[in-house]
Amino acid sequence: MKQISVILLNYNGQKHLETFLPSVVQCTPSYLADIVLADNASTDHSVAWVKENYPMIETMVFEKNYGFADGYNIAIGRVKTPYVVLLNTDVEVTKGWLLPMLEYFEANSKVVAVQPKILQYKRKTHFEYAGACGGYMDIFGYPFCRGRIFDYVEEDKGQYDKPCKVFWATGACLMVRRVDFIDYGGFDQNFFAHQEEIDLCWRIRARGREVAVVPKSAVYHLGGGTLSMQDARKTYLNFRNNHFLLYKNLSFGRWMVLAFMRFFLDYLAAFIFMVKGKGADAKAIVKARIDFLRMKSKIRPLRQKNMEHTICPSIPLVFHGSILFQYHFLRKRKFSQLRFANKD
C-alpha cells in the first residue's frame, strides 16, 4: 500500500488544474503517493479534463458542493493510506516536496499535522498570506504566521527555515495522519470554508498532540483561488468562523471575557472598513456576529465534546498580547520582533 494520498479538492477550477496539476504529477513519486481529485459538483469541465489528460488520477465526484470542510471530510474518509495531503488546486509543488514532511512524521510520533513553507506563486521570494511558515494566535483569537502578520508578508531569507511546532498549520497544503484526522472529528462542516484548519489544529493540541511546520518542503501558492482578499464573503466567513473557533475551544469563563472584548474590537474593525469606503466588509462583520449567535446552539454539542476531551487547556504558542496593538501601534511587522512568554 502507498503511504500518502494527495487530495485536491476542486470546484470549477479547470484553469487552476491546467496550470498547477502538472507540477503535482511531476513532483509526486508514484511509488509513494496516489493523487486524487475530489470534485465538489463542478459545472465546468474540470473532471473531464483531468480524466482525459491524467487518467492515472483517481476522481471522486460529489453530488453537491460540500465546501472545503466537509468536502475534505468525505474524501479523506474514502481513501485508505496512512497519510493524507490536503492540497489546494492553485499550488505549485517542488521536487522532493513530500519526503521531508513524511520523514518528520516518522521521527515525531506525537505530531498529527504538518505544513511546508508556503511561498507566493507570483513573487517566489516572499511568503504567502495563507499559512506562510506556520500559524499562531494571540490572546484575542487573531491568527497570524511566521512570515506574515495581517497583510504584511516578509521576504524569505531563510530566517524561518528551522522546523518547529506551531499552533496551527494551513489548509492550503496540509499533511495529516488519516486515522487521527478522523478520530479527532475532521473539519467542522459548520465552517464551510476558512479557519476550519485552525479549529482542527486546536483540537489536536488540546488533546496533547502536536502540529508542526517543515520548511525543507516548499510550495508556491497563488492564493485567492476561491475568494479574493477583496471579497466581502471572505470577511464574513473569517469573522463568523473565528467566533465559532473561540466558542468551541475556550473554557466558558475565558470565552465570556474574550467575547466581551471582541464585541468592541469587531465593531472597531467594521468602523475602520467604513472609513476606508468598504461598506460591504463592514456589513459582513455585523452579519457574521449575528449569524454566530444564531448558530451558537447548533455547535454547542461540539463545544461540549471538545471540553470533555481536552487535556491541555493552556496551549503553548499563544502570543500573550494583542497582535493588533503590536502591528498598528508598535509597528512590529515581522514575527521575529514578537516576544512569546512560552514556546514549545
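Reader: How do H7 and H8 pack, roughly parallel or roughly antiparallel?
Author: Helix H7 (residues 232-249) and helix H8 (residues 252-275) pack at an angle of about 170 degrees, with their axes 11 Å apart. Since angles over 145 degrees count as roughly antiparallel, H7 and H8 are roughly antiparallel.

Reader: What kind of model is this, and what pLDDT do local features need?
Author: Residues are numbered from 1 along each chain as its sequence is written, and side-chain values use heavy atoms, with hydrogens and water left out. This is a predicted model, in which totals for chains, interfaces and linings use all residues, side-chain atom pairs count only at pLDDT 80 or more, and local features need pLDDT of at least 70.

Reader: How many residues in the contact of H7 with H8 are nonpolar?
Author: Contact means heavy atoms within 4.5 Å, and on the H7 side the residues that meet H8 include Phe239, Leu246 and Tyr247, while those on the H8 side include Trp255, Leu258 and Phe273. Of the residues in this contact, two are charged, three are polar and the nonpolar ones number seven.

Reader: How are H8 and H9 oriented to each other, and what is the handedness of their crossing?
Author: The axes of H8 and helix H9 (residues 279-309) come within 7 Å and cross at roughly 160 degrees, and the two helices are therefore roughly antiparallel to each other. As for handedness, where clockwise turning of the near helix from the far one by less than a right angle counts as right-handed and anticlockwise as left-handed, the way H8 passes H9 is right-handed.

Reader: Is Gln195, which has a positive phi, buried or exposed?
Author: Gln195 lies in the loop between helix H5 (178-183) and helix H6 (196-206), and its phi is near 75 degrees, a positive value in a residue other than glycine. At 9% relative accessibility, Gln195 counts as buried.

Key. Axes fitted to C-alpha atoms, helices over the stretch in contact; angles between N-to-C directions. Helix = DSSP H or I, 4+ residues; strand = E, 2+ residues; numbered from the N terminus. Parallel < 35°, antiparallel > 145°, perpendicular 65-115°, else oblique. Nonpolar A, V, L, I, M, F, W, Y, C, P; charged D, E, K, R; others polar. Buried < 20%, exposed > 50% of the residue type's maximum accessible area, 1.4 Å probe, protein only.
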